[in-house]
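Visitor: I would like to go through this entry feature by feature. Please give me the idea behind each reading, then the case at hand.

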Amino acid sequence: QVIKCKAAVLWEANKPFSIEEVEVAPPKEHEVRIKIMATGICRSDDHVITGALVVPFPIILGHEAAGVVESVGQGVTSFKPGDKVIPLFIPQCGECKSCLNTKGNLCSKNDIALGSGLMPDGTTRFTCKGKAVHHFLGTSTFTEYTVVSESSLAKIDSAAPLEKVCLIGCGFSTGYGAALQTAKVEPGSTCAIFGLGGVGLSVVMGCKAAGASRIIAVDINSDKFAKAKELGATDCINPKDFEKPIHEVLIEMTGQGVDYSFEVIGRTDTMTAALACCHHNYGVSVIVGVPPAAQKITFDPMLLFTGRSWKGSVFGGWKSKDAVPKLVADYMKKKFVLDPLITHTLPFAKINEGFDL
């Protein structure tokens, strides 16, 4: 059956979301229809509104969520109605080169680079006012019901609180994994984190879990420092408090630069600053924030020639289908906290207020 429900539709860039009645088609072969119980707001959704991330309109955004399976399409064996699930904006098909390589996690079935806004078969499951509405990253969670591909879904512990573990669908896993999986931070090392939003704070938690001895949090908003310290930051610095470039401040603070640095904003100037602040020979700098469309980086290649490594990290380097259920299990075992990452809880109808916040 087609389900009629409420969804937040974005008709064009730089406009607020419009709460509309949409029609959600039944799942086709190897697809699952889910009822979304909780969804987080991520800066990447906001990048679409501002035009920094280019997508086709109209579209239903949202990619960090948790829900319950409503129905399954033909050939789906790993999910059944009632299962608690987390949609995966990075799928895991298990067949492409990245899925088959132990080092890879960016499944080729992802829609980040492509930005088609469609299901794998090239069609959409959403209609509004007789118009086809695009999907976002194969998930589209700003709606009461959505349809996802079987490879873009993870089944989780039925006892998990969905309003908390929805963060494992993006923000938390992305930051925590950037430290543990991508950088592989070692005990006793020094780390610098640029940007203390939800993802940056999750990097702080990852560095702490890895046993880093010094975790330097960098943000131009000093109001974020108390929470960063609560989650494991040892030092907090505001670039606005210094005359000299921030990478020079960090090099002075640490002797010769940090072992690991993380850019968790998505700005090219902070990406180069993060690279420059890590040790000239064995420092590793990780880009975690989504880079803005059509911007290029200019930097002195000597920064890399001396031995630094510059890496990117998508979804924290985790193989999504394998890792998400394990991360939920770790949360249930109290191996990490999620509450400090939740600042407000709002009803779905107040989604525009959420973006303002």
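Guide: This is a predicted model. Between domain 1 and domain 2, the count is one residue pair in polar contact, with both residues at pLDDT 80 or more.

Visitor: How much area do domain 1 and domain 2 bury between them?

Guide: Buried area is what two parts lose in accessible area on being put together, summed over both. For domain 1 and domain 2 the figure is about 830 Å², with 66% of it on carbon and sulfur atoms. On the domain 1 side, G171, P340 and L341 supply 50% of the area buried against domain 2, more than any other three residues.

Visitor: How many salt bridges cross the interface of domain 1 and domain 2?

Guide: The rule asks for a side-chain nitrogen of Lys or Arg within 4 Å of a carboxyl oxygen of Asp or Glu. Across this interface it finds zero salt bridges. The count by this rule comes to 14 salt bridges.

Visitor: Which residue forms a salt bridge with E31, and is E31 buried or exposed?

Guide: The partner of E31 is R125, and their closest N and O atoms are 2.8 Å apart. The pair links distant parts of the chain, 94 residues apart. E31 is in strand 3 (residues 31–39), while R125 is in the loop between helix 2 (97–100) and strand 6 (126–128). Both E31 and R125 are buried.

Visitor: Which residue forms a salt bridge with K155?

Guide: That residue is D83, with the closest N and O atoms 3.8 Å apart. To read the exposure, take buried as under 20% relative accessible area and exposed as over 50%. K155 has 40% relative accessibility and therefore counts as partly exposed. D83 counts as buried because its value is 6%.

Visitor: How do the same cut-offs apply to K244 and E252?

Guide: K244 and E252 form a salt bridge, the closest N and O atoms being 2.7 Å apart. K244, at 34% relative accessibility, counts as partly exposed. E252, at 55%, counts as exposed. Elsewhere, salt bridges that share partners join K28, E31, D121 and R125 into one network.

Visitor: What span should helix 5 have, and how far apart are its end C-alpha atoms?

Guide: The expected span of a helix is 1.5 Å times one less than its number of residues. Helix 5 (residues 198–209) has twelve residues and so should span 16 Å; its end C-alpha atoms are 16 Å apart, which agrees. Just after helix 5, G211 takes a positive phi of about 90°.

Visitor: How many residues of helix 5 are buried, and what do they pack against?

Guide: Helix 5 is mostly covered, with nine of its twelve residues buried. Among them are V199, L201, V203, V204 and M205. The buried residues pack against helix 4 (171–183), helix 6 (225–230), strand 10 (190–194), strand 11 (214–218) and strand 13 (260–263).

Notes. Residues numbered from 1 in each chain as written. Predicted model: local features only at pLDDT ≥ 70, side-chain atom pairs only at ≥ 80, totals over all residues. Heavy atoms only, no water. Helix = DSSP H or I, 4+ residues; strand = E, 2+ residues; numbered from the N terminus. Buried < 20%, exposed > 50% of the residue type's maximum accessible area, 1.4 Å probe, protein only. Contact = heavy atoms within 4.5 Å. Buried area = accessible area lost by both parts, 1.4 Å probe. Polar contact = N/O pair within 3.5 Å; in protein donor to acceptor, adjacent residues only side chain to side chain.
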